[in-house]
Amino acid sequence: MTEPRAPKWRRRLSLLLAAAALPAVGLGVLGAEPAAAAPADDVRLNEVVTTGSVNDSIELHNKGTATVDLSGWVLRDNTSSTYTIASGTTLAPGAFKAFDVHASFGLGSSDSARLYLADGTTLVDSFSWTTHSAPSWSRCPDGTGAWGQSAALTLGSANNCAGSGGSTSPVAWPGGSAVATADGSNVFGSDLSGLYQEGGVMWGAQNSGKLWRLVPNGSGGWKPDTANGWGSGKSLRFTGGTGTPDDEGVTLTGAGSAGGVYVSSERNADSSSTSRLSVLRYDVSGTGTTLTATREWNLTSDLPSTGSNAGLEGVTWVPDSYLTGAGFKDAATGAAYDPAHYGAHTGGVFFVGVEGSGTVYGYVLLEAGGFTKVATISSGMAGVMELSWEPQAHRMWVVCDDTCSGQLRTFQVNGSGAFAPTAVYNRPSGMSNLNNEGFTLAGADECTGGSKPVYWSDDSNTGGHALRKGSITC
C-alpha cells in the first residue's frame with residue numbers, strides 16, 4: 001500500500017480537459033461524464049479494492065452495447081505509476097473485468113484510480129477516496145451510479161447494489177449452541193474434508209484420494225458403509241486410472257449419486273508441487289475399491305495461479321431453475337443466464353472455492369468436456385474451505401476454517417443478478433475453533449421442532465474425531 005495521501009474527491013472531466021492534460025484533482029461528486037468518444041465512453045471504473053485479503057485491484061465495466069478493445073489502455077493511481085492492460089484484452093457489453101495492479105502501484109487509504117486510453121493522456125474515468133475500502137468501493141448502479149462502500153467484494157461480476165441486507169458484521173450461529181461428535185473414535189484419521197448429505201447417505205472426500213460413503217450409526221452420527229466395497233472408503237484416480245486426486249470437496253447434481261459423484265481436487269498427490277484445479281466425476285454404482293474418474297474438467301488454465309496446496313477446496317452445484325428464476329447474470333455473456341446458450345451440462349452450474357484467494361467461481365461444465373466461467377464471487381474471507389447449496393432456503397453457504405475462526409457466510413442472487421452475501425455467522429459457541437474443511441446440511445425432511453442437523457468435518461481429527469453435529473433453524 002502507498003502512504004496515505006491528501007484527499008481528492010473525484011471530479012468530472014470532459015474530453016477537452018483531458019486532452020489539455022489538466023490534472024485529475026480536487027473537486028468532485030461521485031459519478032463520471034463521458035471522457036472519450038464511443039465506444040470507449042462506455043467503459044467505466046466500477047469497483048476498487050485497496051485493502052484486505054485481495055490485492056490492490058481495479059475493476060472495469062462495459063455499460064455499452066459493443067465490445068471494446070482495451071489493448072494498451074492505462075491504469076494509474078494518483079501518481080505517474082502505470083499499469084498497462086495487455087494486448088488483446090477486450091471487454092464485452094455488460095461484462096466486468098478486474099485487474100490486480102499491486103505489482104505496479106499500491107492503492108492507499110487516500111488515493112485515486114484513473115483510466116486512460118492507450119495514448120496515456122486521454123482520461124476516460126477516475127475515482128478518488130479518503131478511506132480504505134471496507135472491503136470494496138463499488139458503483140451502484142454498475143457503471144453509471146454513485147460510489148459507496150459495499151459489504152461485498154464482487155470483482156469480475158456485478159456489484160451488490162440491491163440492498164439485499166448483506167452485512168460483513170458477524171452474528172450468532174442461527175441454531176443451537178451445542179455441538180457433539182458424530183463419528184466413532186479414530187475412524188477416519190486426518191484429512192477428511194468435503195461433505196455432502198444425500199438423504200440417508202453422507203458422502204465424504206478425504207485429501208488422500210479417498211471417497212467415503214457413510215450411513216447412520218444409530219446414535220445420531222455416521223459410520224462407513226460396509227457394503228459394496230465401501231468399508232475403508234474407495235481410492236480415487238484421475239481419468240485413465242493414474243494419479244491420485246487431492247480431493248477436497250464433494251457434491252451431487254439434481255440427479256443424485258446415480259448421476260455421479262463430483263469432487264474438487266487441487267493437485268495430483270503424486271506430483272504434489274503442481275496445481276491441478278479440477279472437478280472430477282465418478283460412477284459410484286460398482287463394488288470395486290478403486291474409482292476412476294469418468295470425466296475431468298481441468299480448470300487450471302482458466303483460473304489465477306495459486307499454491308499447489310491452496311486450490312479448489314470446495315464445490316457445490318446450483319440448479320439452473322434457481323439461477324434463471326433469480327435473474328442470475330452470466331458473466332461470460334453479460335446478459336441474463338440462459339441455460340439454452342450452452343450444451344448439455346447437468347442442468348446447473350458448479351461453484352468452486354479457492355482457498356488461497358477466498359474467491360468462488362461459477363462454471364458451466366459441459367458433458368462433452370468443455371467449460372465456461374459464468375461467475376466470479378469474492379467471499380470476503382481470507383479463504384474458502386467448503387461450499388454447500390441449501391435448496392430449501394435457496395442459499396449458498398461459503399465456509400472458512402480456523403483461519404477465519406470458523407466463520408460461515410450465505411450468498412444469494414441479488415437484484416443486479418450477482419451472488420451477494422445475505423448473512424455472516426459465527427460458528428456455534430459450543431464448538432472450538434477447529435480446522436473444519438467440510439460442511440453440509442440435512443434436508444427439510446429432517447426438520448423437527450423448527451431445527452435440523454448440520455455437520456462439519458475436521459481435517460485435523462481433533463481428539464480422534466473428524467465429524468461433528470450441530471443444529472440450525474429450518
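Both C400 and C404 are buried, where buried means under 20% relative accessible area, exposed over 50% and partly exposed in between (1.4 Å probe, protein chains only). This is a predicted model: local features need pLDDT of at least 70, side-chain atom pairs count only at pLDDT 80 or more, and totals for chains, interfaces and linings use all residues. Residues are numbered from 1 along each chain as its sequence is written, and side-chain values use heavy atoms, without hydrogens or water.

**Disulfides**

- The structure has two disulfides, each a pair of cysteine sulfur atoms within 2.5 Å.
- C400 and C404 are joined at an S to S distance of 2.1 Å.
- Their S-S torsion is about 60°, so this disulfide is right-handed.
- C447 and C474 are also linked, with sulfur atoms 2.1 Å apart.
- That link is left-handed, at -125° about the S-S bond.
- C447 sits in the loop between β33 (436-441) and β34 (451-458), and C474 in the segment after β35 (467-473), so the pair ties together parts 27 residues apart in sequence.
- Strands here are DSSP runs (E, at least two residues), numbered from the N terminus.
- C447 is partly exposed at 30% relative accessibility, and C474 is exposed at 51%.

**Largest cavity**

- A cavity is a set of points on a 1 Å grid over the protein atoms alone where a 1.4 Å probe fits but cannot get out; lining residues have an atom within 4 Å of a point.
- The largest cavity holds about 90 Å³.
- Of its 16 lining residues, S157, A158, K329, G417 and A418 are the closest to its centre.
- β28 (371-378) gives the most to this lining, with four residues.

Terms used:
On a 1 Å grid over the protein atoms alone, a cavity is a set of points where a 1.4 Å probe fits but cannot get out, and a pocket is an open set with protein on both sides within 12 Å along at least five of seven lines; lining residues have an atom within 4 Å of a point. Grid points are joined across faces, edges and corners, and a volume is the space filled by probe spheres set on the points.
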